[in-house]
Amino acid sequence: MRDALGVGIAVGLSGFAFGVTAAGAGISLAQTCALSLFVFTGASQFALVSALAAGGAPLTAAAGAFFLGFRNAFYGLRLSRLLGLRGGARIAAAHWVIDETSAVALAQRGQHAVRLGFTVTGATLFALWNLTTLLGALGAEALGDTDTWGLDAAGPAVFLALLAPMLRTAVERVTAGLAVVLGLGLLPVLPAGVPVLVAALAAPLVLLVHSRGLPKHQGERDEERTAKEESR
């Protein structure tokens, strides 16, 4: 419960930065709040707004945000078995399947603890994220020109803060590093929003190289370990 509340409150307050960033990019108050209410995945929201602010085409910006948020589908595959929800509860819970709720839920032992961690984190984060998004968008008008405050860096800074603790293995760190190189390297030569899509290729490239260099017996041990974890 304490971890769930801590994560929900800490990350939920970051919605203020999103609200300010979206308002600074020229997105209306209604559109900003709708993004937090219906999209509700911080990194994708920041990616969409950043691409639009840089002059990217709406479809390109939306595609980058979509692929960035697609990782939540894989979280859902894992959590669906652990949560054991059915019917409408399962559909409603799908909206809360994001990095933070998944991290807290997967750290628990037992279905009751998993459900509690997921629900408390999701409810706290959803409520605070939407409230602080509204406050940030409204407060942006009082701040004036957000560029003079350097708030254009708020989105990337929050995204890096969310991402950094998740890079635990060498493969994950190499993937993140390659994505940064691709994204920043192609930024001057490709239209806004497209470098994000290209950077997404870092994951399959690293996994392909890693799988080819992995000894057969090591791969078999990893498969056995994964099977044991899923059976718990």
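Helices here are DSSP runs of H or I with at least four residues, numbered from the N terminus. By that rule, L82 sits in helix α6. This is a predicted model, where local features need pLDDT of at least 70, side-chain atom pairs count only at pLDDT 80 or more, and totals for chains, interfaces and linings use all residues. Residues are numbered from 1 along each chain as its sequence is written, and side-chain values use heavy atoms, with hydrogens and water left out.

**Around L82**
- Setting aside neighbours within four places in sequence, L82 touches L106, Q111 and V114, where contact means heavy atoms within 4.5 Å.
- L82 and R115 are 33 residues apart along the chain, yet their C-alpha atoms are separated by 8.1 Å.

**α6 against α8**
- Two packed helices are described by the angle between their axes and the distance between the axes.
- Axes are lines fitted to C-alpha atoms, for helices over the stretch in contact, with angles running from 0 to 180 degrees between N-to-C directions.
- The axes of α6 (residues 71-83) and α8 come within 10 Å and cross at roughly 30°.
- That makes α6 roughly parallel to α8; angles under 35 degrees count as roughly parallel, and over 145 as roughly antiparallel.
- The α6/α8 crossing is left-handed, meaning that the near helix is turned anticlockwise from the far one by less than a right angle (clockwise would be right-handed).
- On the α6 side the contact uses R71, N72, Y75, R78, L79 and L82, and α8 brings D99, S102, A105 and L106.
- Those contact residues split into five nonpolar, two polar and three charged. Ala, Val, Leu, Ile, Met, Phe, Trp, Tyr, Cys and Pro count as nonpolar, Asp, Glu, Lys and Arg as charged, and the others, Gly among them, as polar.

**α4 against α5**
- The axes of α4 (residues 42-53) and α5 (residues 58-69) come within 8 Å and cross at roughly 160°.
- That makes α4 roughly antiparallel to α5.
- The crossing of α4 and α5 is right-handed.
- From α4, A43, S44, A47, L48, A51 and L52 meet P58, A61, A62, A65, L68 and G69 of α5.
- This contact has 10 nonpolar residues, two polar and no charged.

**Cavities**
- A cavity is a set of points on a 1 Å grid over the protein atoms alone where a 1.4 Å probe fits but cannot get out, and lining residues have an atom within 4 Å of a point.
- The largest cavity is lined by 12 residues, with V11, T41, G42, I98 and E100 nearest its centre.
- Elements giving two or more residues to that lining are α4, α8 (99-106) and α9 (111-143).
- The lining of the largest cavity divides into seven nonpolar, two polar and three charged residues.

Technical notes: Angles under 35 degrees count as roughly parallel, over 145 as roughly antiparallel, 65 to 115 as roughly perpendicular and the rest as oblique. On a 1 Å grid over the protein atoms alone, a cavity is a set of points where a 1.4 Å probe fits but cannot get out, and a pocket is an open set with protein on both sides within 12 Å along at least five of seven lines; lining residues have an atom within 4 Å of a point.
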